[in-house]
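Here is a brisk tour of a protein chain. Keep the sequence and the 3D view open while you read.

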Amino acid sequence: MTPEGFLNPVDESLEEQKKKDKVEREWEIAETISQGWLEAYQAGEITFGKLVNKLPLAVEKLSDRKRWLLLGEVIDKALKASPPQLGKKKPKTPSWIRDVAVELVDMAVEKDGYKLSVSSNRSAFVFVADLLVDHGVVDKLSPDTVENWYYSY
């Protein structure tokens with residue numbers, strides 16, 4: 001029996017691993033969304049200004065060091081790109097958002113145990129819809145839309 005207030009080394013290492021996994025997951029999410037914004041800029045779907053305005057929301061859950069690293073990488077790539085001129089008619093939902101949503105659904109299922117069901121209390125579609133809104137990718141998004149994108153991909 002361990003004294004009260006004394007952490008068992010096994011419990012401590014389990015907690016450390018959970019924290020490490022959470023940090024790694026946040027990096028993967030931020031990197032995926034940031035890459036999507038960059039691809040939209042490179043395809044001429046958004047302006048450089050919109051790219052720069054949206055990136056901070058995509059990386060806000062990262063540590064300062066990782067946030068600046070990812071922002072710097074994406075902006076550096078954007079500055080080196082020669083995007084086509086913006087078209088007069090932009091798509092309602094840029095293709096990269098659908099692509100990123102599908103990728104995030106797969107990540108949620110494979111790595112976090114979410115289910116491919118809108119009605120599940122661990123729905124990957126609900127998780128991804130909320131995630132994209134929280135990271136400023138879209139203003140609103142229904143889980144049904146994410147599910148439609150996923151199955152039509």
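A crossing of two helices is left-handed if the near helix is turned anticlockwise from the far one by less than a right angle, and right-handed if clockwise. Helices (H or I, at least four residues) and strands (E, at least two) are DSSP runs, numbered from the N terminus.

## Ground rules

This is a predicted model, where local features need pLDDT of at least 70, side-chain atom pairs count only at pLDDT 80 or more, and totals for chains, interfaces and linings use all residues. Residues are numbered from 1 along each chain as its sequence is written, and side-chain values use heavy atoms, with hydrogens and water left out.

## Overall layout

The protein chain has 6 helices and 0 strands. In sequence order the pattern reads α-α-α-α-α-α. The chain holds 153 residues, and 35% of them count as buried. Buried means under 20% relative accessible area, exposed means over 50%, and partly exposed lies in between (1.4 Å probe, protein chains only).

A contact means heavy atoms within 4.5 Å. Take the contacts in the protein chain between residues at least 6 apart in sequence: 64% of them join residues at least 24 apart.

## The nonpolar core

A nonpolar core is a set of buried Ala, Val, Leu, Ile, Met, Phe, Trp, Tyr and Cys residues joined through side-chain atoms within 4.5 Å. The largest one has 40 residues, and I33, W37, L51, L104, L132 and V137 touch the most other members. At least two residues of this core come from each of α1, α2, α3, α4 (95-112), α5 and α6. The largest share, 9 residues, is supplied by α4. In soluble globular proteins, nonpolar side chains tend to be buried together.

Which residues does W37 touch, not counting those up to four places away in sequence? They are I46, K50, L51, K54, L55, W96, G136 and V137.

Axes are lines fitted to C-alpha atoms, for helices over the stretch in contact, and angles run from 0 to 180 degrees between N-to-C directions. Angles under 35 degrees count as roughly parallel, over 145 as roughly antiparallel, 65 to 115 as roughly perpendicular, and the rest as oblique.

Helix α2 covers residues 48-59 and helix α3 residues 64-80; their axes come within 10 Å and cross at roughly 160°. The two helices are therefore roughly antiparallel. The crossing of α2 with α3 is right-handed. From α2, the residues F48, L51, L55, P56 and V59 take part; they meet R67, L70, L71, V74, I75, A78 and L79 of α3. By class, this contact has 11 nonpolar, no polar and 1 charged residues. Here Ala, Val, Leu, Ile, Met, Phe, Trp, Tyr, Cys and Pro count as nonpolar, Asp, Glu, Lys and Arg as charged, and the others, Gly among them, as polar.

## α4 and its partners

The axes of α4 and α5 come within 9 Å, with a crossing angle of roughly 130°. That pair is therefore oblique. Its crossing is right-handed. On the α4 side the contact uses V100, A101, L104, V105, A108 and V109; on the α5 side it uses A124, F125, F127, V128, L131 and L132. The class count for α4 with α5 is 12 nonpolar, no polar and no charged residues.

How do α4 and α6 cross, and at what angle? Their axes come within 9 Å and cross at roughly 90°. That makes α4 roughly perpendicular to α6. In α4, I97, R98, A101, V102, V105 and D106 meet V146, W149 and Y150 in α6. This contact has 7 nonpolar, no polar and 2 charged residues.

## The loop between α5 and α6

H135 sits in the loop between α5 and α6. Is H135 buried or exposed? H135 is buried, at 1% relative accessible area. Beyond residues up to four places away in sequence, H135 touches E26, I29, I33, L57, A58 and K61.

V138 is in the loop between α5 (124-134) and α6 (143-152). V138 is buried, with a relative accessible area of 15%. Setting aside neighbours within four places in sequence, V138 contacts I97, L132 and V133. V138 and I97 are 41 residues apart along the chain, with their C-alpha atoms separated by 8.6 Å.

## The end of α1

Q42 lies in helix α1 (residues 9-42). Q42 counts as partly exposed, at 33% relative accessibility. Q42 and K77 are 35 residues apart in sequence, and 9.4 Å apart from C-alpha to C-alpha.
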